Amino acid sequence: MRTEAHLFTDRYIKFTQLCNRTRVEEETEERIPEKIIRCVWNDQLIEAQELKTTDGRPLEIIFPGYWNFGSGPDFKSAAIRVDGKLHEGDVELHVYGCDWKAHGHSENQEYDDVILHVFMWKGRGRKPIRKETPPKAKNLSRPHIYELELKDYLKQGLLQLNEELDFDSYPLLNQFNTGLCHKPLTLLSQEKFTELLKNAGDARIQTKMDRFHDRIITKGYEQTFYEGVAEAMGYPSNKQPFRTLAEKVPLEEIKQLISYRLSNKNKVTLIQALLFGVSGLIDFSDLQKGSFAKDRAYFTELQKTWNRHRKTFAGRLMDRKEWKFGKMRPANFPYRRVAALSHLIVRHWESGLFADTLECLKSTLPTIREKGYTGATRNKVMSFFCLEADDFWAWHYTPDGKKISKKQQLVGPDRSREITINIVLPVALIYARASKSEPLEKALSSLYQSKTRTADNQWIRFMSHYILGDKERLLKELDSDRKTQGLMQVYQDYCTRNQNNCLRCQFPGVVERYFS
């Protein structure tokens, strides 16, 4: 018999589906989320070399602007060049060009500084689009607003973008505005607020399970788990490139290329050569001449090994430009994460990464049945992916960088915890339900609910301020991964759905009507 108090619930999912269904029924037609367009614009996922405005003028994007959390245009303080002339101002984005008029922006002074209107399609395709008269100068400080229709400039199709964009990492959290939702949340009883967070946390795991489910069917547990761990290695900025790399260099092919007779050290070197080579990060030509001979020998060996296998992967090579290095700690640069991934593959060479992770989880079941999730048991699971290695990347952030003063783990406790929550829990839960293992599902639920310190990262700090208003009573409730993940799910379901514009958001009203 399933004990609901200990297992994952779907109450929050049912509630949000009902809420969303009500909104959809009020819409006149199906729409793609405007959030996709904002993400595309934020990361400039467009072919920018030949951009033209809708009236045929050459367009260059100097700076896309800052993501706006409040009312008004979607991006502030952008810079563009049209016909060689520089323009500075705001950018507004829509799914359809006619949404500008439908939303009444011409009469709204907050949009006076818009210089560029970006949309996916000019019209909705149901009837010919009548060319609109440009807004009058008296309504806008800039009487002419340039337009850009994105559909012909996307680097990838919309479906693929929708699949690959990491909504959790948008927007880039560099502004600390306060949302309106913390006020009704402070009026909730502790019991009601806890219930909301817990149910939303369960919904987040279910959402992640849905993302992995079909991939497990087509690729199996080990390859899917390997891709998931690779994604987590790149979170947040290089999440997609790492998944792409894991798809292009699958586990099965790695094992076919590498003899089991090789030493672990040589296996690591070969896997690093393959991963660095396919990723496009293999170019170590800038290696300082003053580097130690041992280090130069390591890179020479990587290059030679890659040259032997390059033809095998000729059609799968990535571009170095796909990887991001800005706005992150050097310890999180993709070089070290690629190295870490190779060590994890070798460390779990015999049984497999997922199989060994599953064995770790199962080994905790007797203790959990007797004592619950103790601190030692939780630490055993959460630190499973911690990795120390005595190689070049334990002492360097970049190929040509100086040796750091103290050896560093390739995977530390915070990253290991992220992998456990975001990858292990959903994949293992799929396995538990497929194998009808209620003890394993209960153990996963207990792990998710066990008391722990709140993860300290920019994302959590932002939401604590934006949604909870830094209210101490509310912050104290973030004492488990289940509740913290629940807060993230609320943000995704409401803040991102409404483009971080509180004036469009239904959540404050939802809290007052359904949870108070």
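# Positive phi and salt bridges

User: Is D470 buried, exposed or partly exposed?
Analyst: Partly exposed, because its relative accessibility is 40%. Keep in mind that this is a predicted model.

User: Where does D470 sit?
Analyst: In the loop between α18 (458-466) and α19 (472-475).

User: OK, Q44 next. What's phi there?
Analyst: Near 50°. Again the value is positive in a residue other than glycine.

User: Switching to salt bridges. How many in the whole structure?
Analyst: A search finds 25.

User: What does E231 pair with?
Analyst: R215, with the closest N and O atoms 3.3 Å apart. E231 lies in helix α7 (residues 221-234) and R215 in helix α6 (residues 190-219), so the bridge ties together parts 16 residues apart in sequence.

User: Are those two buried or exposed?
Analyst: Both E231 and R215 are buried.

User: Which residues are in the network with them?
Analyst: R211, R215, K219, E227, E231, R243 and E247 are linked by salt bridges.

User: What about R316, who's its partner?
Analyst: E253. The closest N and O atoms are 2.7 Å apart. R316 is in the loop between α11 (293-309) and α12 (334-347), and E253 is in helix α9 (residues 251-257), so this pair joins parts 63 residues apart in sequence.

User: How accessible is each one?
Analyst: R316 is partly exposed, at 22% relative accessibility. E253 counts as buried, at 17%.

User: One last pair. What's the N to O distance for K451 and D479?
Analyst: 2.6 Å, in a salt bridge between their side chains. The pair links distant parts of the chain, 28 residues apart. K451 is in the loop between α17 (438-449) and α18. D479 is in the loop between α19 and α20 (481-496).

User: Why does K451 count as exposed?
Analyst: Because its relative accessibility is 61%, and the exposed class takes values over 50%.

User: And D479, buried or exposed?
Analyst: Buried, with 17% relative accessibility.

Note on methods: Residues are numbered from 1 along each chain as its sequence is written. This is a predicted model: local features need pLDDT of at least 70, side-chain atom pairs count only at pLDDT 80 or more; totals for chains, interfaces and linings use all residues. Side-chain values use heavy atoms; hydrogens and water are left out. Helices (H or I, at least four residues) and strands (E, at least two) are DSSP runs, numbered from the N terminus. Buried means under 20% relative accessible area, exposed over 50%, partly exposed in between (1.4 Å probe, protein chains only). A salt bridge is a side-chain nitrogen of Lys or Arg within 4 Å of a carboxyl oxygen of Asp or Glu.
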